[in-house]
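User: Could you take a close look at one part of this model for me, the aromatic rings and whatever sits around them? I would like the geometry with its cut-offs, please.

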Amino acid sequence: MVKSMVSLDPRRVTSLLFILSTILLRLSADATCVPPLGSSRTIVTVAGGGKGLAIPRDIQFHPARPNELWVASADSEDKTSSGVLVIENAGTKDQRVFTVRDRVAYHYMDNIASLAFDKEGKVLFTCQESENRYADLQGPNYFQGPSAFEVWPCNQGYGKEKEGGGCENQMVSHDGLPCDPRADGTDQCFVIHSDMLHESPLCTGIAHDSRASTGPTRLDVPVQNRSRVPGNIVWYVDGVRGKLMRFDMDSLHGVKVMDHRFANIRRYVDVDITRRAGVPGHMVVDVDARHLYVADTGGKRVLRVMADSGHFVRGAMCVPDECYWNHNKRWSCGTNRSTTYDNKTHCEQFCEGKSGDDCGSATTGCRPDLCNMNCEAGWCRGGPCAMEDGLGCYTTFTETSDTFEYELWGCTDFEVFTTLLKSPSGIALSPQGRLFISDYDTGRIVVFDRAGNVLSDLSTGSAGVTGLELQCSSGQDSSCRLWFVNAISREVSYVQVDSACVEASLPPPAPAQLQLACTSPEESCWGTRNETCYAKDLVGIPGSARRVDRGQRPAFGEHMANYNERMVIFHSYGKNCSSLFARTPGLEGLGVGQNPKNWTDVDAEVCPDRLDCENINRDLLVMAGFFCHPCLPNPCSNGGTCLNTGARKGFTCSCPSPRVGDKCQHLPASCPALAQQAMGSYIPANCHRERKEIGEKCLFLCDNEFMRLTGGVRTCSQSGWEGEEGVCSCLPRRFGSKCQTSLKPIHASSAVVSSAGGKVSLRDHEWIVIPPNALPSQQTIQLEAFAVDSVPAEDRTTTGNLCSPIFELSPHRMRFLTPVTLNFTFTPPPEMSEGNQQDLHVLFFDDVTKTWMEQPGPVVQGSTISVQSDHFSRWVVSYTPAEHHELTEKSKRISAAAWVGFGFLIAFVVLSLTALGIFWRRRAQGGEGGKEAEEHKAKERSPASISNEGDVEIGDSFSPVARQ
């Protein structure tokens, strides 16, 4: 027997698996009608590009304002403009938008990837896919993590809820004054961050956990079992290390205060997540089941994590005290650590070779002992984490207080929920437990139940779908509307259900038992999970005999200044006061960036800004209260000059002509306001009231869900409005001025027609023939007929008598590439004979003008009529008797004659009044001295007089004043 060996390319295997998963999705899709999708639907776009919306990546409704949609908008071109677009009354004709961002958006909201509210809507948490490059003014320093903003709704903005009720508005203008984003004429209001932790750069997703709680830490710290402020726990992804994290921000430090001492951070070292650059991997918490769903976009899978599982492994800040410069004062001879010395001088007595003060010196002379501690191998800086257990040590970027807890956790229970999506990104959970997940590469939204079964599959028509959100008015899925954002087309849209689910919608099954991952040696993650499930009490440092206890952390109190005190950065840090110091007694020895004792921010404001940007820590510069500085990104756009209004207050922009606006972001308005329409309106609402500037967009919305929108995206350009005018047409079987009437057809038929052409037959002699190449792709064509008497009167207001049903072709407003032929029957009226068949007309309904228009070229054969056209929605046969034509022509002739006569009458009146005026003027000039007047007028009429006297004489002759 001969065996054939087949070698499979791993890439082909992956492609085959994806194709198989796609087929499985298609086979499973639409098996169950999902209420937020219905049995038929329309996608409605409510915002797209333009002012305030750059790259939308996530969405969520404000819990305290159910109709207010918040959109995470990352601006890759202007880092100072990343933030949140707020859409009030989203999806209605009263919709309006404004932006919410931090004045230092290039740090606190830099390349925002995701957002999450707490349960009540008091706090907004944001996640930044950022390495903290300060708009590329520096390389990455990874000083990034979740930001928190207090956004409880106030009467005039957002802020902090007061004890006993009420709200303190914390929104400010660019110059630091109180600001109301809804006030007329307001350009931009800003929020101020209330907290930020910095241990997880390049975040891809965030989710708030309202039922999570943090018990006492197992770190060896002096403060144990302290009280914790509930409600500020979020799940998070560290995209650099590819790990799941959990942040308990505890008590927020509030605005204008830097106090990060109270926090607990957990790094789940056995839950690996692969970041795909530029594509968020969102997450959602099933609070009742205590499950966390995570879109692992780069791993092409969705994880389900038991939110309360796992246990403490050891401290994350595990590098020993000997690795801190301020703690380890001993010296060694080269790399030999068998003997160490208490100082450099003592060492040089026993060691030959040139000494060095840092770890870059030669290895033969005296050098600091910590250079031989292999400290860099332990830190997770740039390369792999290299502790003996492979888990490494992590920098505490934020604080060194005893109450700041940074822990490694492991032995986490989780499973791979699904691998059917190529690039899972958006994720939302319905009240009844259905899971909606978007596929970024295909633009599809797949619906699962919690047992992992595919329920439905919706194509949005465009790749790039990221954030998903369900807007629900009750605990039933039938009350939910599905919203989504597209990061490629830069749009915010929702799914409008045209036909609700007919069958009774059964509640989805409960979650199945987790099939735990990483429990077999064949799995790549098994080693790490096994290591953390059986954690050792001690862990070794590579290249060192030192072992670290699992609860140990550095003794910060021995080698850190201001240990256990909140962080204070003086405004003088960003100033060069050296000249002032030199001429001030007692300050002569101070240098650039230093702060004399008892100095305030006001004292430092008089000094010029520092220019030695290579020596400045920009994070400290921001904490020192600078908005404008030569070493910071310029918040003013388009060449504007930034000016501080005072330390920690705000800024103003001096704009070059013709730029205007708080940040020089606007050009003078150039496009006129758009006209109101009968069946819809443009959003924002001021599109109908105000001129727009170049780049701004207006989007058309239909008045209700019974209409279908075509076009409607208008963009202001230098030449005026661009884009197709919005047109609303009634959905199939909908009639009336607002499509409010639903009718059943008397006849109906449908067929699938491809680009090869086809025929849809309704009854004998009633059909539509679609020739080859009339359709670009396969399409389901539906042909229906409605009794004329059942149609509302406003939909059958035509000239003449209707003598056929009203026919309807759907989808509406189809444009065929080549003309199609319609053939249908009609009932000849009694007065019609073969001689006046020319009085039969085919009328089609024009969705733009909302009127019936005549389609030329009908061919009549007995009781059938046919016509050709490249577009149809609705049509009907009308009979207009010849007498009506004669009457019409006669009335036209009468009307024309009347207008001519009226014109002659007007001319006669004008000439008469003119002659009468001349007569009375001459009488007034003559008076009793008529003879002298006649002689003067004769002279005036003489050509010689005109030639000699010129225009002055003529003018004077007509002036009574001149005559005196």
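Analyst: Happy to. Rings of Phe, Tyr and Trp (its six-membered ring) count as a pair if their centres lie within 6.5 Å; planes under 30 degrees apart are called stacked, over 60 edge-to-face, and the rest tilted. Before going on, please keep in mind that this is a predicted model, where local features need pLDDT of at least 70 and side-chain atom pairs count only at pLDDT 80 or more, while totals for chains, interfaces and linings use all residues. Residues are numbered from 1 along each chain as its sequence is written, and side-chain values use heavy atoms, with hydrogens and water left out.

Over the whole structure, a search finds 20 aromatic pairs. One of them joins Phe61 and Trp483 edge-to-face, with 5.6 Å centre to centre and 75 degrees between the planes. Phe61 belongs to strand β2 (residues 55–62) and Trp483 to strand β32 (residues 480–486), so this pair ties together parts that are 422 residues apart in sequence. Strands here are DSSP runs (E, at least two residues) and helices likewise (H or I, at least four), numbered from the N terminus. Phe61 and Trp483 are both buried, that is, under 20% relative accessible area with a 1.4 Å probe and protein chains only; exposed would be over 50%, and partly exposed lies in between.

Tyr106 is in helix α2 (residues 105–108), whereas Tyr134 is in the loop between β7 (123–128) and β8 (147–150); the two are 28 residues apart, and the pair links distant parts of the chain. Tyr106 and Tyr134 are both buried.

The strands that flank this loop, β7 and β8, also take part in an open sheet of 4 strands with antiparallel pairing, in the order β6-β7-β8-β13. Two strands pair if DSSP finds at least two bridges between them.
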